[in-house]
Amino acid sequence: ISPQDPTLVIGSSLIAACSVNSDLHLKAEDLYWTLNGRRLPPESYKVLNGTTLSVALANLNGSRQQSGDNLVCHSRDGSILAGSCLYVGLPPEKPVNITCWSKNMKDLTCKWAPGTEGETYLHTNYTLKYKLRWYGRDNTCQEYRTAGQYSCHIPKDLALFTPYEIWVEASNRLGVAVSEVVMLDILDVVTTDPPADVTVSRVGDLEDQLSVRWSSPPALKDFLFQAKYQIQYRVEDSSEWKVVDDVGNQTSCRLAGLRPGTVYFVQVRCNPFGIYGSKKAGIWSDWSNPTAASTPRSDRLPGVCDPKSGEHNTTLRRELKQFFGWVKKHAYGCSNLSIKLYDQWRVWLQKSHKTRNQVGLPSGFIPGSLQGPWLLARWHPDTCPHPPEAACFAPGHEAPRGKQHA
């Protein structure tokens, strides 16, 4: 068959010829063609001479398999006389969206997309290359299956504090395409192992809260860095996760507003930044393995309302919410104080539910004063270094003159 194993662009036409040796005692009329096992219609044939039969293929589609479409010439009895592979497709497009990350600053993994269309219908090779920006030779990545298709992993021998140039080359039978060059510093694309030692526990008798604690990623403990954390949690019989974004760089968090007597699954992840002075945020780690804990059960009977206490209870909750909202907004550095006071009030409130039929004011509370257990607080300059006009207070210290009624 000629041409043998041609490569064509989608939409092309082809005339192929099958010539048999006269020693086989076959004539052109004794031959026929198949494409991928399907017999081609006789009207597409043409006898060129006594031992040669051609076939015309118009407006070819992309190859059905990357190893090529099988064009075969047969004798009348079905025997295969000769074959040719047709490679019909598109030249590669320029790879795009190169993204890279380094696990604990020990390696580098990059992924990319194969272009706007992607499908070329031909086997296309992708090669990731990299080099130090101002000197050094081109290096070729070798591990292409670690992070899935269109990715490559560089396991070692990477330099810190020097930017790299990274690009991807795509090639097939119809040509070569090269991506834009990406420049990056390993320190700017660090991700970590998930936070370690995640524990979830109850907060005393508080039926709607759980305490979550964890440790910094072990592999980065010896490096100078900061971290941001996120928490996600879900109810045991639900697949919907709720995310807590504003955890900051602390390694503990209080989940509030939970359902009493309910099992919750909790996960934590880390985003390192500021490693060795880098000004760019890192990349979020994977989530830690789920850790489970349950909130205490409520001793109150379901569906039983406190008589005549609903309106007062709603007002009390609203006023407390406003008060602690003000503390959080104006008393810099005192968010923990507001949580502590809130906890004291909640413990008192739950105990009162168990012993009384309605919510009342704490015993000894004097309207207009600061004598209730949930509002007894005094200012302390160490915990509130920048008190506003109406300061927040810490137990054990007298309020400064002029701020007793804050």
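User: Let's start with contacts. Which residues does Arg-133 touch, not counting residues up to four places away in sequence?

Analyst: Arg-133 touches Pro-163, Tyr-164, Glu-165 and Met-183 once those sequence neighbours are set aside. Keep in mind that this is a predicted model. To read a contact, look for heavy atoms within 4.5 Å. Then check how far apart the partners sit along the chain. Arg-133 and Glu-165 are 32 residues apart, yet their C-alpha atoms are separated by 5.4 Å.

User: Where does Arg-133 lie?

Analyst: Arg-133 lies in the loop between β11 (125-132) and β12 (139-140).

User: Is Arg-133 buried, partly exposed or exposed?

Analyst: Use the cut-offs. Buried is under 20% relative accessible area, exposed is over 50%, and partly exposed is in between. Arg-133 has a relative accessible area of 35%, so it is partly exposed.

User: Let me try another loop. Is Asp-185 buried or exposed?

Analyst: Asp-185 counts as buried, because its relative accessibility is 17%. Its place is the loop between β16 (182-184) and β17 (190-191).

User: What does Asp-185 touch, leaving out residues up to four places away in sequence?

Analyst: The contacts of Asp-185 are then Phe-161, Thr-162 and Pro-163. Pro-163 is also on the contact list of Arg-133. Now look at polar atoms too. A polar atom of the Asp-185 side chain lies 3.0 Å from the backbone nitrogen of Leu-187.

User: How do I read the backbone? What is the phi of Phe-161?

Analyst: Phe-161 is not a glycine, but its phi is positive, at about 65°. Find Phe-161 in the loop between β13 (151-154) and β14 (164-172). With 53% relative accessibility, Phe-161 counts as exposed, because the cut-off is over 50%.

User: What is the phi of His-25?

Analyst: His-25 has a positive phi near 60°, and it is not a glycine either. His-25 sits in the loop between β2 and β3. Its relative accessibility is 71%, so His-25 counts as exposed.

User: Now the inside. Where do nonpolar side chains tend to be in soluble globular proteins?

Analyst: They tend to be buried together.

User: Which residues touch the most other members in the largest nonpolar core here?

Analyst: That core has 21 residues, and the members with the most such contacts are Trp-33, Leu-40, Tyr-45, Val-55, Leu-57, Leu-71 and Leu-86. Two or more residues each come from β2 (14-19), β3 (31-35), β6 (52-57), β7 (69-75) and β8. The most come from β3, with 4 residues. There is also a second, separate core of 20 residues, including Val-235 and Leu-255.

User: And the outside? Which residues make a nonpolar surface patch?

Analyst: Val-9, Ile-10, Leu-90 and Tyr-121 make a patch of about 280 Å². Take Leu-90, in the loop between β8 (80-89) and β9 (96-103). Its relative accessibility is 32%, so Leu-90 counts as partly exposed.

User: Last, the whole protein. How many helices and strands are there?

Analyst: There are 2 helices and 24 strands. Of the 406 residues, 42% count as buried. The accessible surface is about 23200 Å², with 50% of it belonging to carbon and sulfur atoms. Finally, take contacts between residues at least 6 apart in sequence: 62% of them join residues at least 24 apart.

Note on methods: Residues numbered from 1 in each chain as written. Predicted model: local features only at pLDDT ≥ 70, side-chain atom pairs only at ≥ 80, totals over all residues. Heavy atoms only, no water. Patch = residues over 30% accessible without salt bridge, like charges linked within 9 Å, V, L, I, M, F, W, Y side chains within 5 Å. Areas by Shrake-Rupley, 256 points an atom, 1.4 Å probe, with all protein chains shown as cover. Salt bridge = Lys/Arg side-chain N within 4 Å of Asp/Glu carboxyl O. Buried < 20%, exposed > 50% of the residue type's maximum accessible area, 1.4 Å probe, protein only. Polar contact = N/O pair within 3.5 Å; in protein donor to acceptor, adjacent residues only side chain to side chain. Core = buried A, V, L, I, M, F, W, Y, C linked by side-chain atoms within 4.5 Å.
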